[in-house]
Amino acid sequence: MFSAALTLLGCAGASQPGAQPAKSETKESAAPSAGSFDFDATYKREASGLSERALQGSKAGWSAKVPASADPKLAQAENSELVEIPIGSKAPVRCQVFSEQLDAGGTLHGVLKESAARVEYRSIAPSGVRLLGGVPTTFLETVYLTETEGGKGAGGLKLAIQVREQESLLCLHDELGYRQTFKDVSGAFFSSFKPRSAPPNAATYSDITKAKIGDTDVGFGWVRVTPGEKPGERSYSDSNTTLIPTSAKEVSFRDNYEVFSYDAKNVLQAATWVEGSGGEITMKIGIHRQADGSYAMQGELGGKPVSGELKAPNGIATSLDIATRLKKKLKTGAPFELKLPEYHPSLEPKALIDVVYRHQKGDPARQVSVTMANGTMIEDVDDNGMAKSFSFPVGKSQFVVERLKSEGHL
């Protein structure tokens, strides 16, 4: 669960900016109309009188329902469908339907990077992670200054993204204020979105989590376990996105993916790790098991090729194996300590790392501490052996991951 957590242990310097800029900045944001611009009132305004409107994609490929002030408009782009949803303001809420899975963090970063050439951002902050239609959804809010004919003017760009099994949905609204209106409209779009034809859910287990620093939602994770090609084989995938505020104007966007393949005896046969930061791939490493039990490793790290062999006399402990071990140990209620060899290529690409799992006398019944070279986190483990929640310190705050939804069994 939330594969980036161990590599984030020891992370420091994250801040918790609110969505609204400091008062010293609001004065600079005033439009040039001789003091007539009320930033606070404009920032807090919301739409009213919206009513539910039905939407349908081209060739009836999908449908949705959204609150709007008039009928939404649909248009085609090269690789997506565009929806304009009027809310009775100058700018409509605009949503896009992509027929592919996007990198959530990389996509949000790309939108901000492209627009930064035209505006001066004064605040950028994640503004929530919600489970909508059974899919994690991330929201982001900004306030910016831009040049107008009469001088500087203030604007506000709100973004929301949802990466589904077969497609991705992205919504934005480029106008100061209407923050809750945007969440209501985009949230309704995400919640009610129904593809005409969707493949059956093959997952035997799924787990969706939300990450927080203090009171700020900063990411989500999605674990899926599916059957392999042959009886007894399984595949485990863990994708997660984090949006970590590093200042009032800056957010670090990261996307991480892990995919593991197991044989019928639950032995790891192959695995792939991919990490992206700011829309760029920073690591892609794969391993596969060899006849002597070692693992051949090859890929790229920081733009440079890396290869080698991982000696694994005791195998490589991965999420499914760890869950099975914790499930058995916790069932007895007795204290225990497990030292397991794990592979975390972003920390050490050419060797395994010992990770220690402890349950001590006096600990809550389902609590386990997880320790590696750069810190310790505390887990609350469920009956499957999977973490329902965990936390570790980040600067003066706590990085907390909590479960939003879990289905199936391991």
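Close-up 1. The bridge partner of E52 in β2 is P67. The model shown is predicted: local features require pLDDT of at least 70, side-chain atom pairs count only at pLDDT 80 or more, and totals for chains, interfaces and linings use all residues. Residues are numbered from 1 along each chain as its sequence is written, and side-chain values use heavy atoms, with hydrogens and water left out. Strands β1 and β2 (residues 62–68) run antiparallel and are joined by six bridges; two strands are taken to pair if DSSP finds at least two bridges between them. Helices (H or I, at least four residues) and strands (E, at least two) are DSSP runs, numbered from the N terminus. The open sheet has three strands in the order β1-β2-β11, with antiparallel pairing. Its edge strands, each pairing on one side only, are β1 (51–56) and β11 (194–195).

**Close-up 2. Helix α5 across the sheet.** Helix α5 (residues 179–192) lies across β1, β2 and β11. The helix runs at about 160 degrees to β2, where axes are lines fitted to C-alpha atoms, for helices over the stretch in contact (heavy atoms within 4.5 Å), and angles run from 0 to 180 degrees between N-to-C directions.

**Close-up 3. The salt bridge between D207 and R403.** Side chains of opposite charge can pair when their charged atoms come close. The side chains of D207 and R403 meet in a salt bridge at 3.1 Å, N to O; the term denotes a side-chain nitrogen of Lys or Arg within 4 Å of a carboxyl oxygen of Asp or Glu. Because D207 lies in strand β12 (residues 205–213) and R403 in strand β25 (residues 397–408), the pair ties together parts that are 196 residues apart in sequence. D207 counts as buried at 1% relative accessibility, whereas R403, at 22%, counts as partly exposed. Buried means under 20% relative accessible area, exposed over 50%, and partly exposed in between (1.4 Å probe, protein chains only).

**Close-up 4. Further salt bridges.** The structure holds 20 salt bridges. In one of them, R164 pairs with E167, the closest N and O atoms being 3.3 Å apart. R164 counts as buried at 11% relative accessibility, and E167 counts as buried at 13%. Another joins the side chains of K210 and D217 (3.6 Å, N to O); K210 and D217 are both buried. Through salt bridges that share partners, E120, R122, E147 and K152 form one network.

**Close-up 5. The largest nonpolar core.** A nonpolar core is a set of buried Ala, Val, Leu, Ile, Met, Phe, Trp, Tyr and Cys residues joined through side-chain atoms within 4.5 Å. The largest such core has 25 residues, of which L326, Y357, V368 and F399 touch the most other members. Elements that each supply at least two residues include α6 (319–332), β21 (353–359) and β22 (367–372). Strand β24 gives the most, with four residues. Leaving aside residues up to four places away in sequence, the contacts of Y357 include I322, L326, F336, L338, L340, V368 and V370.

**Close-up 6. G278 in the loop between β16 and β17.** G278 lies between β16 (268–277) and β17 (280–289). At 18% relative accessibility, G278 counts as buried. With residues up to four places away in sequence not counted, G278 touches H109 and F253. The C-alpha atoms of G278 and K113 are separated by 9.3 Å, although these residues stand 165 residues apart along the chain.
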